[in-house]
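Subject: The structure, and some notes on it

Hi,

Here is the structure I promised to pass on to you.

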Amino acid sequence: MYVKICGLTEPEHVAAAVEAGADAVGLVMTRSPRRITVERAAELAALVPGHVLTVGVFRGEDPETVRAAALASGVRAVQLHGRHPHGDFTALKDLGVRLVRAVDAEADLRCGAFDEDLLIVDAPHAGSGLPWEWAAVRGRPSGRWLLAGGLAPGNVADAIAAAEPWGVDVSSGVETSPGVKDPALIWAFLTAVRG
Ligand SMILES: O=C(O)c1ccccc1NCC(=O)[C@H](O)[C@H](O)COP(=O)(O)O
């Protein structure tokens with residue numbers, strides 16, 4: 001089960017995610033309580049070992065803005081969140097990083113339909129921490145896709161059983177308040193998934 005911990009802002013939280021066994025960490029560079037500057041993203045990305053994917057998260061920015069931020073921060077993947085047009089993915093294809101498409105359950109859920117490397121199926125409101133009807137997407141995407149939206153240490157096992165994703169993505173569920181991660185919750189989440 002692939003695990004992405006999203007919305008990291010502090011070095012100690014990046015370290016906790018890496019040590020707990022996360023496969024990917026998300027650095028939000030768009031409007032959000034978890035937003036960090038490109039410079040801060042570069043500092044955090046530099047702390048992440050090569051086996052863990054660094055994902056720059058964007059929503060609504062044009063491809064050139066995303067390209068510049070990705071190059072300056074050194075992330076190895078970019079996540080376009082929301083209903084970005086196919087052309088945005090095409091425009092970033094030569095960037096040399098993985099492309100992640102994050103959408104709600106009503107969008108096109110075919111993995112790779114927009115030439116992305118990874119699909120995330122999320123709640124209608126990104127980063128809200130609100131659970132939704134995860135079972136509704138069971139069997140719809142196939143391949144490399146992550147379930148997101150309202151996951152937490154106490155419900156992630158049920159969510160995996162309900163939706164049968166390839167991996168999971170969490171932000172609010174490992175925080176004490178919006179934007180403030182808790183290392184103990186990060187460990188608890190990884191333990192719940194791996195257990
Ligand atoms: O997390 C945010 O604040 C955010 C803002 C704008 C675009 C994307 C954002 N997050 C992307 C993620 O991948 C989150 O992990 C995902 O939405 C799940 O969030 P949560 O329900 O809080 O676990």
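This is a predicted model: local features need pLDDT of at least 70, side-chain atom pairs count only at pLDDT 80 or more; totals for chains, interfaces and linings use all residues.

Let me start with the record. An unreviewed UniProt entry carries the annotation "domain: N-(5'phosphoribosyl) anthranilate isomerase (PRAI)", and it places this domain at residues 3-190.

Next, the ligand. There are 27 residues around it, and the ones that come nearest are Cys6, Ser32, Ala126, Gly127 and Ser172. If you sort the shell by residue type, you get ten nonpolar, 13 polar and four charged residues. Two strands to look for here are E2 (24-28) and E8 (167-170), as each gives the shell at least two residues.

Now for the helices. H1 (residues 11-20) and H6 (residues 183-194) cross at roughly 20°, and their axes come within 9 Å. Angles under 35 degrees count as roughly parallel, so H1 is described as roughly parallel to H6. The crossing of H1 past H6 is right-handed. On the H1 side the contact uses Glu12, His13, Ala16, Ala17 and Ala20, while H6 brings Pro183, Ile186, Trp187 and Leu190. By type, the residues of this H1 and H6 contact are seven nonpolar, one polar and one charged.

The other pair is H2 (residues 38-45) with H3 (residues 63-73). The axes of H2 and H3 lie 8 Å apart, and the packing angle is about 40°. That angle makes H2 oblique to H3. H2, too, passes its partner H3 in a right-handed crossing. Val38, Ala41, Ala42 and Ala45 of H2 meet Ala69, Ala72 and Ser73 of H3. The contact of H2 with H3 has six nonpolar residues, one polar and no charged.

Best wishes

How values were computed. Residues are numbered from 1 along each chain as its sequence is written. Axes are lines fitted to C-alpha atoms, for helices over the stretch in contact, and angles run from 0 to 180 degrees between N-to-C directions. Helices (H or I, at least four residues) and strands (E, at least two) are DSSP runs, numbered from the N terminus. Angles under 35 degrees count as roughly parallel, over 145 as roughly antiparallel, 65 to 115 as roughly perpendicular and the rest as oblique. A crossing is left-handed if the near helix is turned anticlockwise from the far one by less than a right angle, and right-handed if clockwise. Two residues are in contact if their C-beta atoms, placed from the backbone, lie within 7 Å. Ala, Val, Leu, Ile, Met, Phe, Trp, Tyr, Cys and Pro count as nonpolar, Asp, Glu, Lys and Arg as charged, and the others, Gly among them, as polar. UniProt positions are given in the numbering used here, feature names are shortened, and annotations may be inferred rather than shown by experiment. A residue is near a molecule or strand if its C-beta atom, placed from the backbone, lies within 6 Å of it.
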